[in-house]
Each structure stands twice: as structure tokens, then as C-alpha cells.
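Here's a quick briefing for anyone meeting this structure for the first time. Have a look at the model, then read on.

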Amino acid sequence: MGSKSVDELLENSVGVHFSGFHVDDSEVRKFEDKLQATSATENGYKEPFVIGVAGGAAAGKTAVCDMIIQQLHDQRVVLVNQESFYYDLTEEELDHVHEYNFDHPDAFDTEKLLCCMEKLRRGLAVDVPNYDFKSHKSKLPARKVNPSDVIILEGILIFHDPRVRAMMNMKIFVDTDADVRLARRIRRDTEEKGRDLKTVLDQYSTFVKPAFDDFILPTKKYADIIIPRGGDNHVAIDLIVEHIRTKLGQHNLCKIYPNLYVIHSTFQIRGMHTLIRDAKTTTHDFIFYSDRLIRLVVEHGLGHLPFKEKQVITPTGSVYTGVEFCKRLCGISIIRSGESMENALRACCKGIKIGKILIPRKGDNGQQLIYHNLPKDIANRNVLLLDPILGTGNSAVQAISLLLENGVQECNIIFLNLISAPQGVHVVCKRFPRIKIVTSEIEFGLNEDFRVVPGMGEFGDRYFGTDDD
Ligand SMILES: Nc1ncnc2c1ncn2[C@@H]1O[C@H](COP(=O)(O)OP(=O)(O)O)[C@@H](O)[C@H]1O
Ligand SMILES: Nc1ccn([C@@H]2O[C@H](COP(=O)(O)O)[C@@H](O)[C@H]2O)c(=O)n1
Ligand SMILES: [Mg+2]
């Protein structure tokens, strides 16, 4: 199944203004097919940040990865080990296991690794083989790995294949002295893998050391960052985590549209999203957590209003240089879901005027009826346009066009959403490049019925309790 272009979606849409609530299995499958047929950037799916971590065996790669994962605690991070992609040994190879070179690039099924990585990058879950170092074979069950914001690819030869390297946004080489690596390997292989000292030393001198010199060390030149002393190097790990955070802060769409602002994601925000997206959440909880999220979006949106510098004298007689709130503003809610955002706006802006726009779905005669009630002096105001869900962008385009017809300047409009579909963002930002959009999460996209997925259902019905009948 092919994906729909933005123009196609717009043309076919009939003022649809809802989010995907009743997504059954077949819809999920259709969506997965659609994702498969579309590149991540095209459908707006946020491509993961891929980090490669290479270095000699027992250099401390896993230790470094664990520290990065721990420090990125509020991000979804997944670790994929190159060792999961070791080929299973045949019976004959098993009989002569001491002659098998596990440190040669040919010991890995790189095609399978590439295939798994490609799926993860497209936002699909994969089964990663579960390799057993004792039997030298992968065992069942495989490890289910879900798509994440960050994928860390770790392994001795992870920089060897140029196709794997090309997938990485950051390459780290863990550089630890050979004697430290050997000492750690002896301890690990004897204690954890149950091998005897002679076997470990023989394997080291026959395969591990030569392979390090011939294949692993030559890949150090591909690294962006070389970490001496591995996990002991806290400064290097702090810098790496800081860099990843900066890169993650930006959704791909924000790079295309500088006026799109996605509020910084925290565990609190994701927890609230989890609750309001859950179809089983009660109306009471839905309202409570939606209100909390809406308040955050409104506060964030207000931060984009123009401010004037203002000085005040504090009770200690000191001068405090601050700013003055913008006074000429109003809210406009798109009926009906947008009305759910009015209270938060009133709570933040004392006495704010709030107008309304109604954009019903197409009637039988194909005519679009629009009711509106706007402040008379709206042309001189900054407008906070309220709608929790930006889907196709159809109603947003009509609402914004109406504001412009009434004299509002495009750059004075801030459109506040809880969730936004990439298709809607494209449509609105292309047509009105000077308006600002503030949202709390960007969705995967729209399904065949123009519903936002994953979405949160018919927002108005869930918020106003009319979804029980
Ligand atoms: N900084 C460190 N200090 C002491 N021991 C360490 C350190 N980093 C790793 N180790 C130990 O060395 C062994 C190999 O580390 P690991 O991170 O698994 O290396 P790799 O993934 O590169 O093979 C493990 O037993 C681990 O506990
Ligand atoms: N069946 C196997 C497979 C691999 N090895 C050794 O593991 C090392 C790589 O793992 P790290 O965690 O150290 O990166 C590598 O040096 C292989 O020799 C093994 O001993 N048995
Ligand atoms: Mg490891």
C-alpha cells in the first residue's frame, strides 16, 4: 500500500477534524505497511539518532553504553549488540570451536544486522537474535526490540562495514590499553563464560590480538570521538550525552519549519500523554491530564508573544530588569475541541477575550459553513488559536484564512495544539510560513481515514463526555 501525499490527503479530506481512536489491528498493519513504503522523513516519523560504539573486546564498550543509557534516562534508548548477529556454528565448526575466529568480520551476519537496523530506523519493531556464548548459537526466544529515539549499536567490528557506518549519526571508539583488555577478558571469560585460562589465552594470541590489529584498530579512524579509559572517562561521557540531547531536542519537522515549536519532552509529559491516549482512561482522568498538558502548551505559547523590557524596584530597593506581558491579545477556539483549551488560557491571561470559529464537516450539498464570533478589534491583536489536534490541516487553514481576512497579521498568530500530524504541519506551515505552531507531540501521521495516529480519539467527545452513548 502506498502512502498518500500531503496534497492528495488535503484534496480527499472533508474537513475531518478528529484523531485516531478506534485503531484496530488491521489499521495498525496498514499503517505499518505505509511506513514501510515511505521514508522516515517523508511521513514525518522522527528518525532515531544512531550511535556506533566500537573498540577491542573487553575495552568497556558495554560499560560506556550503559552509562550513556543511564544518563539519557528520559529518552527511549535501545542497545543493539553486534554479537547478537554472530552466525550459528555448524556441528562441524562446533567440533573444532578452538579453531574458529570469532574476531573476523566474516563471523557476523551483517546483512541481517542491516535489515534489523533499517526497520528500526523506519519505526518498526524487530526480533534481534539472542546469541548464547556457551553454545555459540542463537537461542529462542529472540529479543523484541521496539523503535526508539536513540539506537546504540555496539560491537568490536561495528565500524567495519561502510553500510553500517553510514547509518550512524555519531561514532565512538573506546580506546583501552591492550593489557587492561586482556586482564578484563581473562576475568570475564573464566568467571562469566566458564572457560579455562589456557583456552582464553590461546584464543587471544591466535585470533583476538591479530584481529584487533588487522580489523578493529584500522576502524578507529572512522570515529568522531575516541574515549580513552572507557567508562572511567566521565567527562567524555557527559559531553557525549549533552551532544545527543541537543540533537534529540529537535524533531525533523522543526528543522524544516523554524516556526514549529515542540515542547521539551519529559517523563511527566510522556506520562500524561500515555494516560490521555489510553482508550481505557475515564472521562474524569482524560479531562484532568488533558488540562495539565493544555496548560503547559498555553504557557509555552505565551512565551512566544512579543515582550517589552520593564524595570521594577524590589522591596529591597534594588532594580530588577524584567519584561512586561503583551496586553493586546485574544484567544480564538475552533469549536468544539478548541473550547477545552479556553480555561487554561483564561487562567494564564486575566480577562482575555476569547472568540470562536465553527468549521463543521461538509454538508450534503458540499458547502462548508463557517460560523465565527471574533473580537471587533482582532486586527490589532496577537491571536492564540486553540485546537488540541492538528490533523490534515484543513480546518486550521480555514480558521487562519478567516483570521487573515479579518485583518490579523500572519506573524501575530500562534496556533496551539496538543498533538500535530506531520501532514497538517506541512499544510499549515507551507501556506502560512509566518505563523507559529506550538505543540506537545508530533504524531506518526494520518491513517487511510485521515485520523491522526497514534492519536487520542475524538478529543471533543472524550473531553466533554459525549463518547459514552
Ligand atoms: N572502567 C572499568 N573498570 C573496571 N572494570 C571494567 C570497566 N569497564 C568495564 N569493566 C569490566 O570489564 C569487562 C569488559 O567490559 P565490557 O563493558 O563488557 O567490555 P566490552 O563490551 O567492550 O567487551 C566487564 O567484566 C566489565 O565489568
Ligand atoms: N561464541 C563466541 C563469540 C564471541 N566471542 C568473543 O567475544 C568477543 C566480542 O565480545 P565483546 O563483548 O568483548 O565485544 C570477541 O573478542 C570474540 O572473540 C567468543 O569468545 N565466543
Ligand atoms: Mg560488550
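When residues are sorted by class, Ala, Val, Leu, Ile, Met, Phe, Trp, Tyr, Cys and Pro count as nonpolar, Asp, Glu, Lys and Arg as charged, and the others, Gly among them, as polar. Sorted that way, the shell around ligand 2 has 7 nonpolar, 2 polar and 7 charged residues.

A few ground rules before the details. This is a predicted model, where local features need pLDDT of at least 70, side-chain atom pairs count only at pLDDT 80 or more, and totals for chains, interfaces and linings use all residues. Residues are numbered from 1 along each chain as its sequence is written, chains are lettered from A and ligands numbered from 1 in the order in which they are written, and side-chain values use heavy atoms, with hydrogens and water left out.

**Ligand 2**

- There are 16 residues around ligand 2, and Asp 103, His 136, Arg 185, Arg 188 and Arg 195 are the closest; a residue is near a molecule if one of its heavy atoms lies within 4 Å of it.
- Polar contacts come next (pairs of N or O atoms within 3.5 Å; within protein, one must be able to donate a hydrogen and the other to accept it, and residues adjacent in sequence count only if both atoms are side-chain atoms).
- The side chain of Asp 103 has an N or O atom 2.4 Å from an oxygen atom of ligand 2, and for the side chain of Arg 188 the distance to an oxygen atom of ligand 2 is 2.6 Å.
- A nitrogen atom of ligand 2 is 2.8 Å from an N or O atom in the side chain of His 136.
- On its own, ligand 2 has 470 Å² of accessible area, and the protein covers 97% of that (areas come from the Shrake-Rupley method with a 1.4 Å probe; for residues, only the protein chains shown count as cover).

**Ligand 1**

- The residues surrounding ligand 1 include Gly 56, Lys 61, Thr 62, Glu 154 and Arg 184.
- By class, the shell around ligand 1 has 3 nonpolar, 3 polar and 6 charged residues.
- The side chain of Asp 232 has an N or O atom 3.0 Å from a nitrogen atom of ligand 1.
- For ligand 1, the protein covers 71% of the 550 Å² of accessible area that the ligand has on its own.

**The pocket**

- A pocket is found on a 1 Å grid over the protein atoms alone, as an open set of points where a 1.4 Å probe fits, with protein on both sides within 12 Å along at least five of seven lines; lining residues have an atom within 4 Å of a point.
- This pocket is lined by 28 residues, and Ala 57, Ala 58, Glu 83, Arg 188 and Lys 193 lie nearest its centre.
- Its lining has 9 nonpolar, 6 polar and 13 charged residues.
- Helix α7 gives the most to the lining, with 5 residues (helices are DSSP runs of H or I, at least four residues, and strands are runs of E, at least two, numbered from the N terminus).

- Most residues other than glycine have a negative phi, and most peptide bonds are trans.
- A cis peptide bond joins Leu 140 and Pro 141, with omega about -5°, and Pro 141 is in strand β4 (residues 137-145).
- His 136 has a positive phi, near 60°, and lies in the loop between β3 (126-132) and β4.
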